[in-house]
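Colleague: I am new to this structure. Could you take me through it, starting with the ligand?

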Amino acid sequence: MKTIKVGVIGTGGISNAHMGGYQKVKDVEVVAGADIVPGRAKEWAQRHNVPHAFEDYRKLLLMDEIELVSVCTYNRAHMQPTVDALKAGKHVLVEKPMSDDLAEAYKMMRTAQETGKLLMCAIHSRYNPAHRAARHIIKEGALGKIYYAETAGTRRRGIPGGTFIGKETAGRGAIVDIGVYAIDTALFIMDFPKPAAVSAVMNDWIGKHSQPLPFAGGWKWDPEKLEVEEFGAAWVRFEDGRVMVFKISWAVHLNSMGGTFFLGTEGGMQMSPLQVYKDMFGCMVDITPKDLPEYDGFRDEIQAMVSAIREGGPSPVPAEEVIWTNVIMDGIYRSALEGGKEVPVGLPE
Ligand SMILES: NC(=O)c1ccc[n+]([C@@H]2O[C@H](COP(=O)([O-])OP(=O)(O)OC[C@H]3O[C@@H](n4cnc5c(N)ncnc54)[C@H](O)[C@@H]3O)[C@@H](O)[C@H]2O)c1
């Protein structure tokens with residue numbers, strides 16, 4: 001089988017996970033990396049035994065042999081390399097969020113449509129077997145009509161550092177960083193109901209006003225450098241009348257704000273771990289699927305993209321789906337900046 005050659009743009013933290021994924025997929029070879037920080041791509045290439053390293057990603061895009069590009073830059077630098085790569089005839093696997101900015105995400109989607117190249121957003125939760133089973137159960141109608149959902153993610157003291165907390169690099173905070181998983185998961189499981197309106201709040205109080213806990217391991221941030229939100233909550237109304245509550249935090253004074261669940265007219269479903277209940281025989285019956293397989297997010301998403309390239313598409317996680325998460329996130333910011341007023345949401349013109 002012909003080897004698919006790959007270039008990686010942005011050789012920081014997550015590019016190493018992409019490398020790990022590529023190494024587990026057959027007949028794929030990463031042949032180049034690029035990073036604007038002088039020397040970073042070279043050091044990365046040496047470490048991973050990759051033959052070519054550049055500071056300017058446009059040189060990587062000139063390599064005809066490259067068919068697929070992983071865009072692993074920080075959020076504010078997702079759009080330009082993606083658009084340039086698609087226009088250079090490459091397929092693109094871009095890290096999540098597609099962008100922190102709706103207009104940019106829309107431009108990426110349109111460029112993929114215009115060039116006919118595959119654009120996949122690296123939301124590895126799509127490969128969680130529990131999520132796939134949950135989507136199937138709802139699609140089969142086992143829970144009746146879903147009329148209400150909540151989707152949430154809690155980190156108690158998990159404000160990151162580095163490029164994740166600056167406006168120029170991340171653009172936005174917890175809502176686009178980990179909220180993207182919560183929103184995408186709920187939309188994926190409900191088969192992408194169209195959002196109509198959002199009202200929301202956001203906050204940065206803990207990160208700005210308190211120091212990292214002295215006894216907490218791992219997460220250490222500099223309160224002076226935090227320029228983005230650490231918390232967001234929203235009420236999302238869909239065109240068909242159903243409602244979703246969204247809650248996300250990098251930091252709260254609580255261990256959990258609750259998880260993700262779906263209420264249907266004939267049953268209910270809770271995620272992480274998956275629990276499914278249905279009214280049967282005059283009582284509530286546990287119909288939770290058992291023995292779901294293990295998964296490896298990076299390997300599985302890369303395998304899916306490589307297979308899609310070989311088969312001529314479609315993209316396994318297409319921009320046309322992920323854009324709805326961007327539409328909701330955009331509404332969350334607009335509403336929060338207007339004091340929580342409900343704002344209409346939709347695709348840009
Ligand atoms: N899928 C996951 O589980 C996961 C986990 C962490 C981060 N991410 C996402 O991956 C992205 C990167 O995160 P990270 O932790 O690797 O950040 P990082 O800051 O460690 O790495 C980003 C790299 O991109 C480089 N870069 C920026 N602009 C560039 C340009 N124009 N050309 C070439 N290189 C450029 C930077 O110099 C840096 O080395 C973010 O969007 C983040 O949301 C995903």
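Colleague: How far does a polar side-chain atom of threonine 163 lie from an oxygen atom of the ligand?

Modeller: This is a predicted model. Thr163 is among the closest of the residues that surround the ligand. From a polar side-chain atom of threonine 163 to an oxygen atom of the ligand, the distance is 2.7 Å.

Colleague: How much of the accessible area of the ligand does the protein cover?

Modeller: On its own, the ligand has 850 Å² of accessible area.

Colleague: Which residue places a backbone N or O atom 2.8 Å from an oxygen atom of the ligand?

Modeller: Histidine 78 uses a polar side-chain atom, at 2.9 Å from an oxygen atom of the ligand. The backbone atom at 2.8 Å from a ligand oxygen belongs to isoleucine 14.

Colleague: How many residues of the shell around the ligand are nonpolar?

Modeller: The ligand is surrounded by 25 residues. Of the shell, 8 are polar and 4 are charged. The nonpolar residues number 13.

Colleague: Where does the ligand sit?

Modeller: The shell around the ligand takes at least three residues from domain 1 (4-125 + 296-317) and at least three from domain 2 (127-294 + 327-344). As for its site, the ligand sits in the largest pocket.

Colleague: How many residues does the contact take from domain 2?

Modeller: The domain assignment gives the chain domain 1 and domain 2, with C-alpha centres 26 Å apart. Their contact takes 17 residues from domain 1. From domain 2 the number is 19.

Terms used. Residues numbered from 1 in each chain as written. Predicted model: local features only at pLDDT ≥ 70, side-chain atom pairs only at ≥ 80, totals over all residues. Heavy atoms only, no water. Near = heavy atom within 4 Å. Polar contact = N/O pair within 3.5 Å; in protein donor to acceptor, adjacent residues only side chain to side chain. Areas by Shrake-Rupley, 256 points an atom, 1.4 Å probe, with all protein chains shown as cover. 1 Å grid on protein atoms, 1.4 Å probe; cavity = no way out; pocket = protein on both sides within 12 Å on 5 of 7 lines; lining within 4 Å. Sits in = over half its atoms within 2 Å of the grid points. Nonpolar A, V, L, I, M, F, W, Y, C, P; charged D, E, K, R; others polar. Domains from an automatic or database assignment. Contact = heavy atoms within 4.5 Å.
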